[in-house]
There are 2 protein chains.
Amino acid sequence: MTQRTFEHAKVWRLGADIDTDVLAPGAYMKHNIDVIAQHCLEAVRPEFAAQVKPGDVLVAGANFGIGSSREQAAGALVHLGVRAVIAPSFSGLFFRNAFNLGLLLLTCEQALLIQEGDTVGFDGRNLLRAQGDPLPCAPIPDFLMDMVQAGGLLRLLKQQAQQTANH
Amino acid sequence: MTQRTFEHAKVWRLGADIDTDVLAPGAYMKHNIDVIAQHCLEAVRPEFAAQVKPGDVLVAGANFGIGSSREQAAGALVHLGVRAVIAPSFSGLFFRNAFNLGLLLLTCEQALLIQEGDTVGFDGRNLLRAQGDPLPCAPIPDFLMDMVQAGGLLRLLKQQAQQTANH
């Protein structure tokens with residue numbers, strides 16, 4: 001069960017226009033998600049997959065997740081335990097896939113004020129930094145936060161079906 | 001049943017950062033969708049709701065649909081018969097809501113090459129203009145096009161349930 005807030009998350013800082021092929025490289029798409037995840041972001045941060053720790057977050061520029069609709073782009077980040085991706089804007093398809101898989105995306109106009117190596121928290125509405133003002137994020141409706149908390153859409157539907165069956 | 005392609009659609013050209021309050025003004029949110037739709041885009045195009053015709057399309061700049069998660073922003077466009085919205089990027093939440101309601105969004109980097117009063121077609125992959133090269137759009141997965149064709153997620157699920165029951 002994932003919380004709707006987080007604290008002290010280590011930041012991996014990326015640029016704009018990170019596409020799905022950088023997240024889930026085409027050369028490995030016939031493999032399982034654990035293999036794909038080993039190559040996640042290697043084109044821009046070769047050390048990422050080996051060094052990222054569960055609970056870390058990505059902070060990136062505009063248009064995160066553009067490119068193909070491949071669900072493995074979000075799946076690789078989930079597999080590696082990435083807690084959230086923070087960016088000024090996301091590809092619509094990536095946004096849909098990510099929440100379906102339980103990956104929290106925070107749309108923050110001022111995301112690029114956050115630097116590599118910073119730690120950030122999220123109080124459900126704002127990003128909190130050790131120094132500097134809180135950075136507001138676009139509000140996320142409850143049904144999407146429910147998906148994040150449940151670990152994805154399918155798990156949420158299973159939980160709801162069980163709850164219905166128990167009444 | 002909506003088609004996955006269209007021809008000769010009249011273009012309404014808008015700027016960037018069209019937010020959900022411009023699409024579905026907060027002052028009317030207690031009303032039904034037919035009332036909200038009468039005020040759609042009135043802050044930027046006062047004549048829009050009265051003059052838009054079913055099958056027309058919107059072409060806009062980046063970040064279309066930013067702001068709140070209110071579903072009526074997409075619902076107003078559906079109510080008015082807007083065939084598609086074409087923009088270089090969309091808010092993730094708006095993207096999700098729009099397809100759920102059966103509204104086609106085409107992500108096109110070069111959208112702003114299309115001018116007010118142009119007519120455009122869509123062949124399932126590219127935007128076709130009377131003059132100028134075809135403009136490629138980000139591919140849309142089948143399950144989202146199925147939603148558009150069915151008129152939204154709920155109608156698609158009903159169709160699928162009926163098909164299952166008939167077998």
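**Figure 1. The largest nonpolar core.** The largest nonpolar core has 55 residues, and Phe64(B), Leu77(B) and Phe94(B) make the most contacts inside it. A nonpolar core here is a set of buried Ala, Val, Leu, Ile, Met, Phe, Trp, Tyr and Cys residues joined through side-chain atoms within 4.5 Å. Buried means under 20% relative accessible area, exposed means over 50%, and partly exposed lies in between (1.4 Å probe, protein chains only). Helix 6 of chain B gives the most to this core, with five residues. Helices (H or I, at least four residues) and strands (E, at least two) are DSSP runs, numbered from the N terminus. A second, separate core has 54 residues, including Val52(A), Ala74(A), Phe99(A) and Val120(A). In soluble globular proteins, nonpolar side chains tend to be buried together.

The model is predicted: local features need pLDDT of at least 70, side-chain atom pairs count only at pLDDT 80 or more, and totals for chains, interfaces and linings use all residues. Residues are numbered from 1 along each chain as its sequence is written, chains are lettered from A and ligands numbered from 1 in the order in which they are written, and side-chain values use heavy atoms, with hydrogens and water left out.

**Figure 2. Surroundings of Phe64(B).** Contact means heavy atoms within 4.5 Å. Neighbours within four places in sequence are set aside. Phe64(B) then contacts Leu14(B), Ile18(B), Leu23(B), Leu58(B), Leu77(B) and Val85(B), among others. Its partners also include Ala87(B), Ser89(B), Phe90(B), Ser91(B) and Phe94(B).

Figure 3. In chain B, helix 4 (residues 72-79) buries Ala73(B), Ala74(B), Gly75(B), Ala76(B) and Leu77(B). The cover over these residues includes helix 1 (20-23), helix 2 (33-38), helix 3 (48-51), strand 2 (57-59), strand 3 (84-87) and helix 5 of chain B. Gly81(B) follows the helix, with a positive phi near 85°. In chain A, the buried residues of helix 4 are Ala73(A), Ala74(A), Gly75(A), Ala76(A) and Leu77(A). They pack against helix 1, helix 2 (33-38), helix 3 (48-51), strand 2, strand 3 (84-87) and helix 5 of chain A. Gly81(A) follows helix 4 of chain A, and its phi is positive, near 85°.

Figure 4. Leu23(A) sits in helix 1 (residues 20-23) of chain A. Leu23(A) counts as buried because its relative accessibility is 0%. Its C-alpha atom lies 5.0 Å from that of Leu41(A), 18 residues apart along the chain. Beyond neighbours within four places in sequence, contacts of Leu23(A) include Cys40(A), Leu41(A), Phe64(A), Leu77(A) and Phe94(A). Thr20(B) belongs to helix 1 of chain B. At 3% relative accessibility, Thr20(B) is also classed as buried. Not counting residues up to four places away in sequence, Thr20(B) touches Gly65(B), Ile66(B), Gly67(B), Ser68(B), Arg70(B) and Ala73(B).

**Figure 5. Helix 6 of chain B.** Leu144(B), Met145(B), Met147(B), Val148(B) and Ala150(B) are the buried residues of this helix. They pack against helix 5 of chain A, and against helix 5, strand 4 (104-107) and helix 7 of chain B. Gly151(B) follows helix 6, with a positive phi near 90°.

**Figure 6. The interface between chains B and A.** Here 15 residues of chain B contact 15 residues of chain A. The two chains bury about 1300 Å² between them, 60% of it on carbon and sulfur atoms. Buried area is the accessible area (1.4 Å probe) that two parts lose on being put together, summed over both. Leu93(B), Phe95(B) and Arg96(B) supply 44% of the area that chain B buries against chain A, more than any other three residues.

**Figure 7. The largest pocket.** The largest pocket holds about 910 Å³ of space. Its lining has 37 residues, with Asn100(A), Leu101(A), Gly152(A), Leu153(A) and Leu154(A) nearest the centre. On a 1 Å grid over the protein atoms alone, a pocket is an open set of points where a 1.4 Å probe fits, with protein on both sides within 12 Å along at least five of seven lines; lining residues have an atom within 4 Å of a point. Volume is the space filled by probe spheres set on the points, which are joined across faces, edges and corners. Helix 7 of chain A gives the most to the lining, with six residues.

**Figure 8. Two loop residues with positive phi in chain A.** Asp17(A) is not a glycine, yet its phi is positive, near 60°. Asp17(A) lies in the loop between strand 1 (6-13) and helix 1 of chain A. Asn63(A), also not a glycine, has a positive phi of about 65°.
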